Amino acid sequence: MNLNDYQNEFNKLIARQSFSSNLYPFRKDTFHKFLDSGLPTKKWEDWKHTDLSFLNKNIFRISETHDALSDSIDVSKYKIKNTYTAVIVNGHYIESKSELPQELKILTNSEKKNWTPKNKKETPFDLLNTSLCDSNISIVTKPNTVIKKPIHILFLCSGKDNLMINPQVNIDIMASSSATIIEQYVSDTSSFFQNTSVFASLGKNSSLYHIRIHSNSDETANISNLYVSQRDDSTYNYFQLVDGGALQRSDIYTDLKGKNATCSLSGLTLLDKKQHSATYITSDHIMPHCVSSQNFKSVLSGNSSGVFNGRTIVRQDSQKTDSKQSNKNLLLSDQAIMNSNPQLEIYADDVKCAHGSTTGALDSEALFYMQSRGINRKDAISLLIRGFVSELLNGIENEELKNHLFVKFDKWLLNNNQ
Amino acid sequence: MLEIKNLHVEVEGKQILNGIDLHVKAGEMHAIMGLNGSGKSTLSNAITGRENYNVTKGDIIYKNESILEMEPNKRALAGIFMSFQYPTVIPGVNNTYFLRAAVNAKRKYNEQKEYDAASFLKFVKSKLQEVEMDSKYLKRAVNEGFSGGEKKRNEMLQLLCLEPELAIMDETDSGLDIDALKIISKGINNYKNKNRSFLVITHYQRLLKYIEPDVVHVLIDGKIIKSGGKELALELEEKGYSWLES
C-alpha cells in the first residue's frame, strides 16, 4: 500500500456525510502531515527493528457500514466470564452484542457529529489514526464510583476483505473512581491492519487496571498508541499479552502529572514463526514522589523477533521518584532475535532508579536437573517456560482473567514445544 | 547393581577419566575420595548422563544393562539418583509442583496411579519430617533463596520421595553445618537397606564419621589408584593424598 492508496481511502472517508463538516479542515490538515512524513522506515531510530513491509505489500480498504456484520457474527467464544462487554466488529460498535454497566457513560459512533478525534503526538500512525478514524468509544466513569466487574472491549476483525481500521478509545476515570478495562484484539480474517489510539486519563485518587490482549490471526498488523495521563495519587496498572499477529507494535506514553502517582506497566509476549512484536515505552516523571515500573518478558521461537524499548524520564523537579525497569527474554530457537533497550534519563538528584535486561536460551543446568529427577525433556522445557512466565501471569488479580491468560499461554506452549 | 568397566570420559575435548573400574553391589555403600579436579564429579555426571560428558571408552552397566545410550530421565526412572554438589536454582518453578512432577513421572513409569495435589501434599509432608525441613520451602521456587544446608536437605527430600536404588551423593557434605550434616547422614543411614546402594563422593573424611562405607576408593587423575575398607579414609585424613601420588 503506497501513499496514493492511503489518499484514496481518505477521499472515501471524507466524502461521508456522517461526520461534522467542521472536522473536515482538521482531518485534511492531519492527513497532509501524514503524507508529508510518510510511513516510518528502518532509517528512523525508533523503527529500525520493525519491518513494515507487511503494510507496504498489502492493500487495505477502510471499513464500511456493511462490514459491521451485526447479525452473522458469533462473539461467544471470545467472551470472558463475569465481565461487561463492548463488541466492536470491523470498527463498528455492535450495541446488540454489548452489555455495559449503568454507572458508565458510553459514547460511541452515534454521538459522532460532535466528536473530534484526538491527536496527542504527530507520529505517522497517530496522524493516520486521526485522519482516518471512523469509530470511537469513550468510557467515562462518574466521580467516586467503583466499577468492580471488568469491562471487556472486544475488537473483532472478520470477513474476507483486507480492512484497515482506525479506532480511538477514550477512557476517563474520574476522581476517586476505579475500573478494570480489558482491550482484546482478535480476528479470523486472512489479512487486516488495525491502527488504534487509546487515551486514558486518570483523575485524582483514581485507579485503572488496564489489560490488553493481542491475539490476532497470523496475517495481521496491529499498531497501537497508548497515552496515559495521571493526576495526584492515582494508580495505573497495565498488562499486555501478545500472542498473535504478523506485526504488532505498541507505543506507550505515560505522563505522571500528579504527585504520589503509581504507574506499573508489564507484559508478556509469546512469538513464533515470523512474527514481530515491538513495545516502545516512554514513562515521563513530571511530578515528584511518583513510582513507576516496567516489567516485560518475551518468549520467542521460530524466526520471530521482538523489541523492548523502555525509556523512563525523570525530570528535574521529580524528586523522590522510584523507578524500575526489567526486561527478560527467553529464546527457544537460534533464529529468534530480541532487541532489548531499557533507558533511564535522570535530571533529578534524589531518586531511586534501577534497570536490567537479560536475554538467553533455556538454562541447560536446570533442564538437566529436572531430567535427572525422571522428568522427560519436553516436560522439563514446559516447566521452565511456565516458570518463566508465571511470575507475570500470577500477578493478575482477577482470577477469571488470569485463567483466561494461562489457557492462552498453555495453547501457545503446546504448539511451540513438540 | 552398578558395574563400571574401564570408563574413559572426555569433557570439552579434555580427557578426565582414564579407565575407571568399579563394582557396587546391592546394599553396598562405596565412598569415592579425591582432591579437586581428580574426576569425582565427572564420574557422577557420566553415570547420570549429563550432556557434554562423553564416554570415549568403556561401559556403565546398571542392573545388567548398559545405560550409555539412555536419556538422563530414563536413568532416573530406572532408579539412579544424584544429589547435586550445587543444586540448581529454578526461578518461577514451585518446589512442590516440581517434586510432584518428578514423583508422578516415576509412578507413571511404575504403572502406579499418579498423585493429585492433595494426596501428594500428604505424602511429601511425611518425608519433610525425616529431613527436618520446614514446609515453607515447598512453597518457594526450586532452591531459590535456600541456604547451602537447605539446598542439601531439599536434595535429600527428593531422594526420599523418589526412592532410588542407586543414590550418588556428590559432595553432599560441602556447605553443610554440623547439624545439617547429622540430619543428612541420619537420612542416608535410615534409607540404606539390602536393596539400596550408595556412591558417596567426598573430598573430606568428615561425612564418613557419620556414615560407614563398605569400600573406600581413592581417585587421582581420573583413575582409582587404591581401594580399601573404611580405615583407608582415616589414613587419608591423617596423611593427606600426597603419599598415594606417584
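At what angle do the axes of helix α3 and helix α4 of chain B cross? In this predicted model, the axes of α3 (residues 95-109) and α4 (residues 117-130) of chain B cross at roughly 95° and come within 11 Å. Axes are lines fitted to C-alpha atoms, for helices over the stretch in contact, with angles from 0 to 180 degrees between N-to-C directions. Helices are DSSP runs (H or I, at least four residues), as are strands (E, at least two), numbered from the N terminus. α3(B) is therefore roughly perpendicular to α4(B) (65 to 115 degrees).

From α3(B), B:Thr96, B:Leu99, B:Arg100 and B:Val103 meet residues of α4(B), among them B:Phe120 and B:Leu121 (heavy atoms within 4.5 Å). By class, this contact has seven nonpolar, one polar and one charged residues.

The largest pocket holds about 720 Å³ of space. A pocket is an open set of points on a 1 Å grid over the protein atoms alone where a 1.4 Å probe fits, with protein on both sides within 12 Å along at least five of seven lines; lining residues have an atom within 4 Å of a point. Of the 27 lining residues, those closest to the centre include A:Val186, A:Asp243 and A:Lys408. α7(A) gives the most to the lining, with nine residues.

Chain B averages a pLDDT of 92, the predictor's confidence in each residue, from 0 to 100. The complex has an ipTM of 0.95 and a pTM of 0.91 from the predictor.

Residues are numbered from 1 along each chain, and chains are lettered from A in the order in which they are written. Local features need pLDDT of at least 70 and side-chain atom pairs 80 or more, while totals for chains, interfaces and linings use all residues, and side-chain values use heavy atoms, without hydrogens and water.

Notes:
Angles under 35 degrees count as roughly parallel, over 145 as roughly antiparallel, 65 to 115 as roughly perpendicular and the rest as oblique. Ala, Val, Leu, Ile, Met, Phe, Trp, Tyr, Cys and Pro count as nonpolar, Asp, Glu, Lys and Arg as charged, and the others, Gly among them, as polar. Grid points are joined across faces, edges and corners, and a volume is the space filled by probe spheres set on the points.
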